[in-house]
Each structure stands twice: as structure tokens, then as C-alpha cells.
Amino acid sequence: MTIKTVATTPFSDQKPGTSGLRKAVPRFQESNYLENFIQSIFDSLEGYQGQTLVVGGDGRYYNRQAIQIILKMSAANGWGRVKVGQSGILSTPATSCVVRKYNAFGGIILSASHNPGGPDGDFGVKYNIGNGGPAPEKVTSAIYERSKQISEYKILEADDLDLDRLGETTLGDMTVEVIDAVQDYQELLESLFDFDRIQQLLMGGNFRMCMDSLHAVTGPYAHAIFEKRLGAPAGTVQNGKPLEDFGGGHPDPNLVYAHDLVDIMFGEDAPDFGAASDGDGDRNMILGRHFFVTPSDSLAILAANATVAPGYKDGLAGVARSMPTSAAADRVAQQLGIDCYETPTGWKFFGNLLDAGKATLCGEESFGTGSDHVREKDGLWAVLFWLNVLAVKQQSVEEIVQEHWKSYGRNYYSRHDYEAVESDRANALMTNLRNALPDMKGKQLGSYTVDYADDFSYTDPVDGSVSEKQGVRIGFTDGSRIVFRLSGTGTKGATLRVYLESYEPNPAKHDVDPQTALKPLIDIAEEVAQIKSCTGMDEPTVIT
Ligand code: G6P
Ligand code: ZN
């Protein structure tokens with residue numbers, strides 16, 4: 001087997017976004033496109049020679065082909081060992097778990113998360129560092145810089161490896177180990193949650209759950225954990241076979257895209273508990289019978305009830321949420337007397353807080369929840385956490401949430417997305433907003449008075465790094481808030497996200513439809529940002 005050095009020229013669009021490099025499949029299939037990016041990752045790392053790399057993906061179209069290329073390039077570049085998930089499958093949280101457990105140098109996850117897959121869908125590459133978390137900005141910037149200079153890459157000339165058979169083989173001087181995708185991860189979850197109690201709940205005959213894996217990566221994990229280990233009846237997990245195109249669906253666990261599950265949970269004879277996860281298994285959606293739990297509330301409720309789970313019985317060091325996530329968790333933190341951190345959007349910003357022991361639970365409005373057990377958000381972890389809470393409290397999902405609101409007040413919350421807006425128009429909208437910020441403080445908008453208006457900037461309390469321009473915030477004197485930002489994960493044009501939040505302490509007013517409760521803020525958002533005329537769209541594409 002010989003190592004080939006291939007001459008190449010840079011691609012100008014290899015700048016990683018909120019979560020790795022994400023492009024349409026045909027772009028990734030262009031000659032040298034993937035190779036350039038992988039070599040750029042390797043070139044910007046120091047000291048990986050002889051070390052272990054973990055590789056896996058969410059099973060989407062091009063996953064297997066990409067893994068073969070990465071294995072051959074890893075061998076040619078001097079990695080000592082690659083642990084690869086069986087059949088090329090590893091969820092994002094499971095990758096994080098394996099990187100940490102085996103002290104790997106890093107991991108490569110092939111996924112475009114919740115974006116659709118298939119030959120015309122999206123593909124993506126994320127690099128994770130040795131703590132198991134997404135590469136921080138200094139690493140992704142270095143990769144991008146390298147991608148603009150690259151002139152050659154190295155690859156081993158070898159036959160494709162069998163990714164389906166467990167065990168070790170060699171590839172040049174490197175060892176390739178095909179690992180069980182579920183086992184390490186399942187062991188970790190068993191150490192955190194009261195599996196006996198959850199098993200009693202699931203086998204007791206009075207409780208039914210429905211888990212929708214949306215034909216994405218959590219299928220094998222969910223079958224193994226809920227049905228095999230915890231004894232839930234076969235059929236509890238639906239759409240549990242990972243498909244290269246996710247069965248034509250959009251593997252995003254929200255009320256719009258997880259419609260099969262939503263129909264079941266809001267239909268007649270609905271189960272007690274429903275959950276879904278995304279393409280790569282790091283997102284989650286939690287539903288009760290005829291009831292939706294917002295991700296922001298979910299974080300707050302898990303924080304308030306954390307000590308029911310064995311892994312968190314000693315309490316939490318702190319909680320952290322992304323800036324656009326509602327302040328529901330802040331109220332819990334205040335009551336618990338612990339810190340609540342507010343970070344920019346992107347799980348990578350939680351990494352330092354978790355490593356430094358400042359936060360135990362983290363969450364984002366974008367259906368992400370997780371803890372210090374790994375360095376990624378974790379869909380099935382959130383589902384098990386909820387099951388643990390339900391098993392201990394013996395109440396319905398709705399009762400738990402209502403009770404929570406009664407104690408802490410309700411943060412009404414909604415996100416309006418305008419997808420595939422022309423980039424220039426979206427940028428112009430944001431520029432106009434930014435220009436208007438200096439004059440906003442004290443201004444009266446509808447019945448609200450502006451308390452502050454800024455472009456969110458974050459100084460990491462651990463390493464002092466500063467991230468600017470993370471979203472325009474308009475806060476009102478009563479605690480209500482509107483946030484505008486452009487998505488960092490879309491691949492078609494720009495996506496404008498408008499986050500709306502208001503606080504209602506009075507339990508008598510906790511039963512209003514969020515779109516109704518937030519209507520005054522929705523109108524103000526239109527007034528200040530001129531969304532309709534700027535985007536050319538009359539309505540949001542997705543409301544969550
Ligand atoms: C990914 C990241 C999350 C982030 C989400 C939304 O899932 O891992 O941390 O919150 O994307 O990002 P966006 O930039 O599209 O709002
Ligand atoms: Zn994801």
C-alpha cells in the first residue's frame with residue numbers, strides 16, 4: 001500500500017458554520033472537496049500522530065463513501081488508530097462519549113444534523129476535540145485558513161474496508177477498529193439514570209411512550225435502550241431504521257417536521273409520552289398527551305428536578321443556556337442559588353463551562369439539551385431524563401409543566417423562522433436593525449418600553465475569548481424580549497430567526513396559546529425589522 005500525495009487547489013467556501021462544514025451533497029462529491037477539508041483539519045492539528053481518531057456519521061447518503069476516504073487519509077497522515085462505528089453509524093453524543101472514554105485525540109462526525117439527506121440533500125463534516133466537544137472557534141478558524149492555502153493532500157491507496165464487521169484490521173501502519181455503536185453510550189446513560197425505575201414505568205401497563213427516530217441515527221440506540229433494555233413493547237420506537245434519505249423526511253424534531261409523532265400525540269388515545277430526535281441524535285423534542293414542552297421549559301424543568309436522577313443527585317454546579325433560549329432556566333437557577341450562564345448560539349460555547357465545572361446542565365431553544373456527561377447535546381439523554389422524572393413523580397407531562405409554571409411563572413416563547421431568504425436581503429435587514437440600536441433605549445413600542453437594545457457579545461469566563469455580533473436583542477422593561485439573528489446552519493440563502501419571549505407570573509394566565517400571548521411582540525418585531533418587505537415573505541416558514 002502506498003501513500004499518494006495529490007495536488008489540489010483550494011475551495012473558497014470551506015468555512016465551518018455553527019456546527020461544522022455543511023453543504024449540498026453534490027458539492028461534497030466534487031473532486032477533492034471532501035479531501036481538501038479533511039486534510040485542512042489534519043494540517044491544523046498538532047500532535048495527533050500515533051493517536052486515536054473516532055469516526056462515524058448519521059448514516060445519511062455519502063456517509064459510507066466519505067468514511068472510506070477519511071480512513072485512507074487518516075492512515076496516510078499518521079494517525080495511530082481509528083475507531084469507527086459499525087456500518088459507519090455513530091450519533092453525535094455517542095461520538096462524544098467514545099472520544100472521552102478512550103482518550104481519543106478527536107473525532108470526525110459526518111452529518112448535516114437536522115437537514116434533509118439523500119443525493120440532493122445535505123452532507124456535513126464536524127471535527128470534535130479531545131474533550132469530546134465541537135471544535136472551538138480558534139480551531140475552526142485555523143481549519144478555514146488552511147483550506148484557503150491547501151495545495152496537496154495525502155491518501156493511502158488501498159481497498160475499501162468492511163465497515164459492517166466488528167473488530168480490528170490494519171490499514172497501512174494504522175489500526176482500524178469497527179466498534180459497536182451503542183454499547184459505550186448505553187453504559188454511560190445507565191450510569192446516570194434509574195433504569196430500574198424507568199423499566200417499572202414502561203412495563204407497568206399504565207404508561208405508554210412513542211419514540212420517533214425519524215429514520216435517522218437514533219434508531220438502533222432507541223431500539224436497544226427502550227425496547228431491549230427497558231422492556232418497552234416492540235413498536236415503541238417508530239421510524240427506527242436509519243435510511244440514507246431519512247425516508248424523504250426532514251429529520252428535525254419539531255412540531256412541523258415530526259408530524260407523524262405529533263399526529264399520534266395529539267390524536268385520540270394518545271400515549272402518555274412522546275419524543276423525537278434529529279438526524280445525528282443530538283436534538284430532542286418532548287411531548288405529553290396533547291401537550292408540547294418547549295425546549296426552553298424542558299431545560300428549566302430538568303434543572304428543577306435534576307436530583308431525581310442518580311447521576312445528578314448531588315445537585316447542579318450551574319446551568320447554561322444559549323442567548324435566544326428563554327429565561328425559564330434562569331429562574332430555576334436563582335431559586336437553587338446556582339449560576340446561570342448565557343452563551344451565543346452553538347453548543348461549542350458550553351464546552352469551557354462544562355470542562356471548568358461551572359455548569360452541569362445546558363440547553364438551547366433549538367431542541368438541544370445536555371449535560372457534563374458528554375460535550376454535545378444529547379437527544380436520548382433528554383428522553384431518559386424525562387422518563388426518570390416521570391417515573392419518580394408519577395404525574396403526567398402536562399401536570400409537571402403546569403406545576404412548574406405555577407412555581408416559577410411561565411415564559412411564553414416562540415421562534416419564527418424565515419427560511420431561504422436571499423442573503424443580501426437578510427443581511428440588509430440585520431444591518432438596518434443594528435443601525436437602529438443606538439436610539440432604541442427608552443423608546444415606547446406598543447405598550448412596551450425598551451430597556452436595552454444591543455448586539456449580543458460574549459466573553460468566555462474561562463478563556464476570556466470574545467464572540468461578537470451574536471444576535472440583536474431588544475429587551476423590554478417587563479422582561480419581555482425579541483431577538484433577531486441569522487442562522488449559521490442553513491445551506492440555502494439565509495434563514496432569519498425571530499425569537500419572542502414574554503413572562504407571565506400569574507397562574508390564571510398560563511393557558512393562553514403562545515402565538516396569542518406573544519402577538520403584541522410579533523407586531524413589534526415586524527414594526528422594527530420590516531420583515532415582510534425586507535424578506536419578501538408574508539409569513540414565517542416555520543413556527544416553533
Ligand atoms: C446546531 C448547533 C446548535 C445550534 C443550532 C441552531 O444544532 O449544534 O448549537 O443551536 O444548530 O443554529 P442556527 O445557527 O441554525 O440557529
Ligand atoms: Zn443534530
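Mentor: The protein has 18 helices and 27 strands, counted as DSSP runs (H or I of at least four residues for helices, E of at least two for strands) and numbered from the N terminus. This is a predicted model, in which local features need pLDDT of at least 70, side-chain atom pairs count only at pLDDT 80 or more, and totals for chains, interfaces and linings use all residues. Residues are numbered from 1 along each chain as its sequence is written, while chains are lettered from A and ligands numbered from 1 in the order in which they are written.

Of the 544 residues, 53% count as buried. Buried means 20 or more other C-beta atoms within 10 Å of a residue's own; exposed means 12 or fewer; partly exposed lies in between; C-beta atoms are placed from the backbone.

Now helix 7, residues 195-203. Its buried residues include Phe-195, Ile-198, Leu-201 and Leu-202. They sit on the same side of helix 7, because they cover an arc of only 120° around the axis. That arc is taken over the directions from the helix axis to the C-beta atoms. Asp-196 and Met-203 are exposed on the other side.

What covers the buried residues? Helix 6 (183-192), strand 10 (209-212) and helix 13 (379-393) are among the elements that do. Contact here means C-beta atoms, placed from the backbone, within 7 Å. After helix 7 comes Gly-205, with a positive phi near 90°.

How values were computed:
Two residues are in contact if their C-beta atoms, placed from the backbone, lie within 7 Å.
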